[in-house]
Amino acid sequence: MTRRRRLDLSSALARGEFVPYFQPLVDLRTGQLRSCEVLARWLQPTKGLVLPDDFIPLAEETGLIGALFESVLSQAFKTYAELSTPFILSVNISPIQFRDCSLAERISRLAEQHQFPIGQLKIEITESALLENLAEAQCIAAKLKLLGMKLSLDDFGTGYSSLAHLQALPFDELKIDKSFVSSMCSRRESMKIVAAVVGLGRSLGLTTVGEGVEEVEQADMLRHLGCEVGQGWLYGRPMPKEALSAMLGVERPALAGWGGASSEPDYNFPSFLEALPGARHAQLQAIYDGSPVGLCFIHRNLRYVSINQRLAQMNGISAKAHLGRTVYEMVPAIADAIVPYLTRALGGEAITGVELERRDHSSRAKSATMLTTYQPARDENDDVIGVSVTVVDISDRKATERALAESEDHFRHMVELNPQIPYTMEPNGLILDMSPRWAELTGLSFEETRGRGWLRAVHPEDASGLVNSCLASIWAGEAIDVEFRALGCDKVWHWMRSRAAPRKDLSGAIVRWYGSVELIDDQKRAQEQLWASQMRLQSIIDTLAVGVVIAEAPSGRIVSRNPKAESILRQDPLEFEEIGDYSKRIAYHRNGHKLESADFPLARAIQQGEVTDAEHVYYTHGSGAGKWLSLTGAPLKDKDGTIVGAVATIQEITDETSTIC
């Protein structure tokens, strides 16, 4: 029986019934073709297309596997020579072939015969080929590498997987078995295995390939985990050489989950995933410690997993001393206040804008105000594994707000409790009467003040403008409201405010003006303090590492922004006069839908009073290029709860784990 089967295979080989089929391997991030795997097919006249599982074991059993391999590989080399697009050919080696010490020389002769560049060939080896004689396998692998071929470990994770094999042979690539890829979106265990294999490949400097990719969700998850290459029906089934040329010309989107037009990958900025784990940790730690705000990560058991130097300084304890300790141990004074928020965040709720009062660690008498946020952190299975906490010291801002409130309160009491300086004027504006308080303040007697005599006390720089303003109001019959400086008995120039309204007869003619003068020195100082405070607050906003935009309600007109916002958006947000202008710059949701003006977090904060969670959008510049941004919005309300504006934060996303689905 074996002899008859051998004869059938030999005859099929002689008739050229074994042909190569080609299946593409695609870069998961750019969508570009990386290589094609050569797969043997038997075109049997009576049965049609026969798959390898039905004839490869027979070829190995009858000793014809080598001849079959060389026949298919020769045809693949010929097909490659007929195409103008260079790509890598990947071919499987049977475990039996991997015992042949002349394997490398025979492949090299075939390549020379067909003028195939040997550096474009990748040999895929299953771990079963390494079991019987690892030393012999090392020798053969070394010869293949010496000739310039690449080596790939196929179906990793099944069978006899051993880390010793990865260490013993000079592999360039690691292929994750399709059984894990096909189930990783539904089984957490499979996803964990894939993540571990990708991490292992990264740490060893190996390219990782996910086999059996059939769904967009699988491709997205592989890319999210850092896998570089995908292979499977999503990108193309095995095809004959006649279809290969058309397949090479297919344009693929850079993002597998995006059905829109492909975008050109940004090669000027290396992906975060391109770093090895050690380098990635160093990058994250540098960002973490360099942040101007306090940051920490709290485990579900309320213990510190990590903390940056800024927050450690706020707590007055070294960062190292925090690790593994609970919040009750490290911040006992405020633990009872923050634990409820941590508990809510562990339940999946993101909490922002929480103000906490605490005693400064360096002084028992001094208190500090902290603005805190609590963001739940989730693993790949969307389970909350801890809380990311952000802490900003806003003590200076709160002190400024209190000082302004006190100043305004003081001014209000001054107006209410101190007597005004009432006066009356003729219809033409000449003073008829003035309260004695004017004489007490300026030293001018009533006779010296009458008519236009009061102008003697006015600062020379203010006199001309003051007279013109008063005359304009008198001629128009409109209320007078002017400010000026007057010299007091103390030889100090005091700011005064004069307001007056006309009394008219039945015909509408002005018969008298009634008004009053009040000291506004305190108000002027309050305004100067307010201006100085606004400048300090603006300086703080301008130095933030995120973009900040402030709009007024209800129009949505942008009234303020920091340089970071202008830099990220590559335009001045002050150009936006109303909410309807927001969509002038095009942005997309993660699902690919364009953001309308009302969809922007800033608009939602104004129109709906909504404090939005961080939303990732793909924002396009005028040049057509784009970037991923994280946007948040929050309403600004007055003391009555009325929305008077909104503030939005804008932050660029530097990693490439976010995708439009």
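**Close-up 1. Buried residues of helix 8 in a predicted model.** In helix 8, the residues Ser 190, Met 191, Val 194, Val 197, Val 198, Gly 201 and Arg 202 are buried (under 20% relative accessible area, with a 1.4 Å probe and protein chains only). They lie on the same side of helix 8, because they cover an arc of only 140° around the axis (taken from the directions from the helix axis to the C-beta atoms). Helix 8 comprises 16 residues, 188-203, and reaches 22 Å from its first C-alpha to its last, close to the 22 Å expected at 1.5 Å a residue (1.5 Å times one less than the number of residues). Gly 205, with a positive phi near 75°, follows helix 8. Helices (H or I, at least four residues) and strands (E, at least two) are DSSP runs numbered from the N terminus.

**Close-up 2. Strand 25 and its two antiparallel partners.** Strand 20 (residues 547-552) and strand 25 (residues 643-652) run antiparallel and are joined by six bridges; pairing requires at least two DSSP bridges. Ala 551 stands opposite Ala 646 of strand 25. Nine bridges connect strand 24 (residues 626-637) with strand 25, again antiparallel, and Leu 629 has Glu 652 in strand 25 as its bridge partner. Five residues lie between the strands in the hairpin of strand 24 and strand 25, where Gly 641 takes a positive phi near 85°.

**Notes.** Residues are numbered from 1 along each chain as its sequence is written, and side-chain values use heavy atoms, with hydrogens and water left out. In this predicted model, local features need pLDDT of at least 70 and side-chain atom pairs count only at pLDDT 80 or more, whereas totals for chains, interfaces and linings use all residues.

Definitions and conventions: Buried means under 20% relative accessible area, exposed over 50%, partly exposed in between (1.4 Å probe, protein chains only).
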